[in-house]
Amino acid sequence: MQRTKWVVASMSLGLLLAATGCATDTAADRAGEADIHPKVSTVSDVANSTETTGDETHATAATQQGGSTASSSADEQTMLYNTHKPPQVYGMRKFPYPYQAMLAISSDADSETLRKFNLVHEFINTTQMTPLGRGLGLDFADSFFMYNGNNEPGYVDINHEPMADELSYFKGVSDKPYAASIINHYIHVGWIDTMHTYGDFSRVNPHQTLFTRQLAEQAIEALKANGDVITVWTDHGNKSNVDNFGNYGKSTFYSYQQGANPWSKYYHTDLTIPYGIRFVWPDSSSDEFGMKSMIYPLMLPDGQRVWGFWRYTNVGYTKKGDPEWDWTPFNLDEQLTPAHFAQIEREHEYSIVAQHLSGTNYPGVLPKSAVEALRLLAAQYHEGKILVTRTSRLLTYNVAQQYVWYDVTYGQGKAYIHIRAILDPVFGKYVPTIDEIRGLTFYTSNPAETVLEIGNTPIPAQFVQDNHSDGVHPSVAITWWPVDTTNYAETAPGVK
Ligand SMILES: [Zn+2]
C-alpha cells in the first residue's frame, strides 16, 4: 500500500525538480509527494495527526473543510490561498544553499605515516600557517589500516623509513597497538572516517596473504571497545588483499575478493557489516568526475546488502581497457580542474575524488601543483559553489537527499514540512536523526512561516536555517555540519 504511494511520489518530485532546475536521475526522485499538491490542513490536524502518510492527513483535512474526501488538490489550493495566503513549499533543493555541487576527497592510507598525515591535514583542514602555506579550512577525512602485512620493497617516507613503519592501528599483524591511540583520536575528531580494508596485505607474491578472519575479529573488537564509528570501507591493493569485497563475481579479476564469501576462510562481512559499514568502494574504476548520485545497491555473496559507491579514479581507459589511474598527488591538478568544477556546478552533481595524498615520498608530501589544485578547490568552497566535505557526510547526505520521504501540510498561515522517513532501499525504512538529514533544503515562498519537522515534531531552532532566494526561491534547511578548523594534529611516542 505505502509502496504504491511512494511510486506516485517519485513521479511527482521528478516533475517538480525538472521544473526547478535541480536535475536528478530517476532513482534520485523518490521523495515526498505533497510538495506538488500541498495538503490542506489545520494546525490542530498537524499536531494531532498520528498518520504516517500525507494522503491520510489530506483525507482528514478535506473531510473537515469540505465534507468530502474527493475534492481535488487544485480546488483546495485555490480555496486556501484565496483565504489565507500561506507560504508555499515548492520541493527540495538538491544541495544545501548556496552550493551547486558537493565534493569529497577519498584518500587511501597507502604509505601513510603520521608525519605525512599531520602535514596534509594541517594544510587542508585548518586555517593556520603550515609548511604548505595557509591552511584551507576544508572538511576532509582520511582512511586508515588496522594492520600492516606488506612485504613490498621500498620506503614509506623520507629518511628511508621502511614499509614496516606504515601507519596502522596494530603493529604488523600482531595484537600489539602501534598507532592505535592516535588513530582513535583522529576518528573521534573527524579527521578519519574510512577503513581502507583491514590492512595493507599487499605482498610481492599476490598469491600469498597474512590476512585471517581472526584479525578481523580482533579489529572489530578493538574498534568497538574504543567507540570508533566507521561507516565507509574502501578496498585496497593487489590480490593479496583477500579481505576486499564488493565485486566478487563481477569478472574473473575479482575472484580474489573473499571478504563476503561465507564459504571462504577469509569471510568477515558477517562481522564487518553489523559493526556499522554502510558504504563500500569495491575496487571499481570510474572516469566520470561528477555523478547525479554516488551510490548504488550492492548485493554481497552472503546475501547482505550495502551501499556501493563510485570514486573518480582514472582519466580514461587504454585501448586494452585498463584504467589510466590519476590518483596520486602528482595527478591532483588533473583531477581538481576548473573544467571539472564547472561541470559539477552546472549539472548539480556529486564528486568523490580518489587520492593517495600520503602515498609518495615527496619530502613536502604534496607537490606544488597539488597544493595549487587544492587552493582552487578551496576557492570554490569559500565562494559558496562546491560544498567540500568528508566522504561519510557526502554519502549520508546522498542517501537522505535521494530517499527522503516527506509531506507538507498547511494551516493558519504556516507550512509544515514533515520529514517522515528515509526510504532506504538497502538498509530499510527509518525515521532519521537530525544528523542523518543535515543539509536537506526545501524551497518555500516564505522560510519564516515554514516549519521543519521530523514526523510531527518541530526540529529545534538551532538546527534550522532560513535562506534567501538563490534565484529560484528562498529556502529553509536543516543546518549543515558546523565548520571545524581546529588543529587536531598530535604526535605519539614511537609512531613515525
Ligand atoms: Zn590502497
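How many bridges join strand β13 to strand β15, and do they run parallel or antiparallel? Two bridges join them, and the strands run parallel. The views below start with the sheet that holds this pair. The model is predicted: local features need pLDDT of at least 70, side-chain atom pairs count only at pLDDT 80 or more, and totals for chains, interfaces and linings use all residues. Residues are numbered from 1 along each chain as its sequence is written.

**View 1. Six strands form an open, mixed sheet.** The order is β6-β10-β12-β13-β15-β14. Strands (E, at least two residues) and helices (H or I, at least four) are DSSP runs, numbered from the N terminus. Two strands pair if DSSP finds at least two bridges between them. The edge strands are β6 (142-144) and β14 (295-299), and each pairs on one side only. From one strand to the next, the twist averages 40°. Such angles run from 0 to 180 degrees between N-to-C directions, with axes fitted as lines to C-alpha atoms. Look for β13 at residues 279-281 and β15 at residues 305-309. V280 has G308 in β15 as its bridge partner.

**View 2. Strand β20 is largely enclosed by the rest of the structure.** This strand covers residues 404-411. Eight of its eight residues are buried. A residue is buried if 20 or more other C-beta atoms lie within 10 Å of its own, exposed if 12 or fewer, and partly exposed in between; C-beta atoms are placed from the backbone. V404, Y406, V408 and Y410 point one way. W405, D407, T409 and G411 point the other way.

**View 3. Strands β20 and β21 make a hairpin.** They pair in the antiparallel sense over eight bridges, with β21 at residues 414-424. W405 stands opposite A421 in β21. Two residues lie between the strands. In this hairpin, Q412 takes a positive phi near 50°.

**View 4. Four strands form an open, antiparallel sheet.** The order is β2-β23-β27-β26. β2 (89-93) and β26 (464-467) stand at the edges with a single partner strand each, so one side of each is left without a neighbour in the sheet. The twist averages 25° from one strand to the next. Four bridges join β26 to β27 (residues 475-478). Here D466 has V476 as its bridge partner.

**View 5. Helix α5 is largely enclosed.** Ten of its twelve residues are buried. Among them are L114, F117, L119 and V120. What covers the buried residues includes β6, α6 (180-189) and α11 (368-382). The helix spans residues 114-125, and its end C-alpha atoms are 15 Å apart. The expected span is 1.5 Å times one less than the number of residues.

**View 6. The largest nonpolar core has 114 residues.** A nonpolar core is a set of buried Ala, Val, Leu, Ile, Met, Phe, Trp, Tyr and Cys residues joined through C-beta atoms within 7 Å. M102, Y169, A179, I183, L395, V404 and I417 touch the most other members. Domain 1 (2-37 + 39-87 + 395-478) and domain 2 (101-389) both give residues to this core, so it lies between them. The domain bounds come from an automatic or database domain assignment. I183 touches F144, Y169 and I192, not counting residues up to four places away in sequence. Contact here puts C-beta atoms, placed from the backbone, within 7 Å.

Conventions:
Contact = placed C-beta atoms within 7 Å.
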